[in-house]
Amino acid sequence: MAMSPAVEALVKKKKQEAEASGATITTSAPAILLDMSKVPALKNKITYKDIVGEEHPDGVKREYPAIKCKWYHPEDIPEKDEGWVPDHKVLPEMIASIMYGHNGLVVGEPGTGKTTDQREICARIRMPYYRVNGMEGMEPADLFGQVHLSAGATVWVDGPIMRAVRHGGLLAIDEPFKMPPGTLMGMQWLAEKQDRAVMLYGHPDPEQVKVEAHKEMRMVLCDNARGTGDNMDVYAATNVQDASFINRMQYKIRKTYMEEDTEARAVNHKYPWIMPNLAKRMVKFAGLMRKAWAQGAIEMPFSFRELETWSEIIAENGGDVHVALDSAYGNLLESGDEKEVFMKAVQDVSFE
Ligand SMILES: Nc1ncnc2c1ncn2[C@@H]1O[C@H](COP(=O)(O)OP(=O)(O)O)[C@@H](O)[C@H]1O
Ligand SMILES: [Mg+2]
């Protein structure tokens with residue numbers, strides 16, 4: 001194969017270097033695997049820092065296509081939450097999924113911030129955000145809409161996903177796998193890469209049955225499990241889903257609990273009466289509970305939600321950390337084993 005002058009020069013240089021070092025000389029061309037100059041350049045870009053408000057601590061530099069869209073419902077853009085602490089582990093990919101218009105699937109334990117992050121990204125990129133919750137027994141009409149009778153006439157009333165479908169934005173479906181698989185499959189066409197649409201079966205006007213999705217609509221599914229039937233013992237109401245739907249979610253993101261430092265920073269930032277030293281211990285305690293939960297020694301998960309409630313109750317009960325922990329969590333533990341694991345963790349971390 002003919003080598004380009006640049007590659008030829010590189011091969012020659014490598015050969016000279018190898019000769020100089022006395023190493024065995026290989027004559028094959030170095031593998032050139034990527035030519036990033038062929039990737040179409042972004043016309044309008046926005047950086048990670050522009051969106052998140054601070055640089056990535058590991059120096060990750062990412063640029064995304066800025067979305068230029070005049071939203072029909074600007075009132076659906078959420079307000080920024082000043083208490084949000086960025087979890088840099090997953091944000092570069094989460095943001096990419098939304099900015100490039102992909103479908104995303106975020107999987108992770110309860111209370112790891114899956115839902116919060118989607119909303120907050122929308123607040124920061126100024127994109128309408130529509131949250132829908134998956135429930136057992138949900139039917140397609142609960143998503144798409146149905147015919148109602150109004151003053152003797154039949155009128156179509158849109159379901160909760162239709163504002164995103166018609167006018168664009170992020171459709172965030174929380175715990176989609178609680179839905180029966182047939183219902184989720186009703187969104188198959190909406191999950192395609194191109195020419196996405198939904199069919200409003202039962203619409204009285206045949207002209208309006210097919211609705212083509214707005215070009216700036218994207219979706220993200222957030223769930224505890226993958227939808228393939230794993231972890232059914234822990235997440236009881238999860239239905240096994242059709243693989244062809246899951247397959248249409250392009251970005252797969254795994255969200256774990258935040259790293260200890262980030263989580264402690266989040267606690268201290270949101271609840272300033274919790275001093276950094278206590279925040280660290282609370283997070284350490286949370287870590288021990290999570291470990292015990294993963295091992296099956298404790299049946300109640302300990303998420304960031306518990307840390308939040310614990311912090312709030314400390315303020316409300318005059319500063320009793322132990323009583324607050326019981327109210328936020330401990331009082332629901334049942335078996336002697338669970339209580340023992342709990343007490344041991346309290347002693348090991350020590351809130352004195
Ligand atoms: N990055 C964050 N900064 C501050 N608070 C957060 C963050 N992520 C999650 N939270 C808080 O933790 C709780 C659980 O988050 P949520 O997004 O509901 O979790 P999930 O969807 O994974 O179950 C919420 O009360 C939320 O306000
Ligand atoms: Mg959620």
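I call two strands paired if DSSP finds at least two bridges between them. Helices (H or I, at least four residues) and strands (E, at least two) are DSSP runs, numbered from the N terminus.

**Housekeeping.** This is a predicted model, in which local features need pLDDT of at least 70, side-chain atom pairs count only at pLDDT 80 or more, and totals for chains, interfaces and linings use all residues. Residues are numbered from 1 along each chain as its sequence is written, while chains are lettered from A and ligands numbered from 1 in the order in which they are written.

**Entry 1, the sheet.** I started with strand pairing. Alanine 172 stands opposite valine 220 in strand 10, and six bridges join strand 7 to strand 10, which run parallel. On strand 3, valine 106 faces cysteine 222 of strand 10; these two strands pair in the parallel sense over four bridges. Strand 3 (residues 104-108) also pairs with strand 11, again parallel, over five bridges, and there leucine 105 stands opposite lysine 252. What is the order of the strands in the open sheet? I read it as 4-7-10-3-11, five strands with parallel pairing. Strand 4 (129-133) and strand 11 (251-255) are the edge strands, each pairing on one side only. From one strand to the next the twist averages 20°.

I count a residue as buried if 20 or more other C-beta atoms lie within 10 Å of its own, as exposed if 12 or fewer do, and as partly exposed in between, with C-beta atoms placed from the backbone. Seven of the seven residues of strand 10 are buried, so this strand is largely enclosed by the rest of the structure. Met217, Met219, Leu221 and Asp223 point one way, and Arg218, Val220 and Cys222 the other way. For the protein chain, 29% of the 352 residues count as buried.

Contact here means that the C-beta atoms of two residues, placed from the backbone, lie within 7 Å. Axes are lines fitted to C-alpha atoms, for helices over the stretch in contact, and angles run from 0 to 180 degrees between N-to-C directions. Helix 3 lies across strand 3, strand 7 (169-174), strand 10 (217-223) and strand 11, running at about 150° to strand 11. Helix 4 packs on the sheet too, touching strands 3, 4, 7, 10 and 11, and its direction makes about 170° with that of strand 7. In helix 3 (residues 91-99), I found Leu91, Met94, Ile95, Ser97, Ile98 and Met99 buried. Glycine 101, with a positive phi near 75°, follows helix 3.

Which residues come nearest to ligand 1? Of the 17 around it, they are Gly113, Lys114, Thr115, Thr116 and Phe304, where near means a C-beta atom, placed from the backbone, within 6 Å. Helix 4 (114-125) and helix 11 (304-316) are the elements that give two or more residues to this shell. Domain 2 (40-255) and domain 3 (260-349) both give residues to the shell, so ligand 1 lies between them; the domain bounds come from an automatic or database domain assignment.

Threonine 116 is found in helix 4. Is threonine 116 buried or partly exposed? It counts as partly exposed because it has 16 C-beta neighbours inside 10 Å. Tryptophan 84 is 32 residues away from threonine 116 in sequence, yet 8.5 Å away in space, C-alpha to C-alpha.
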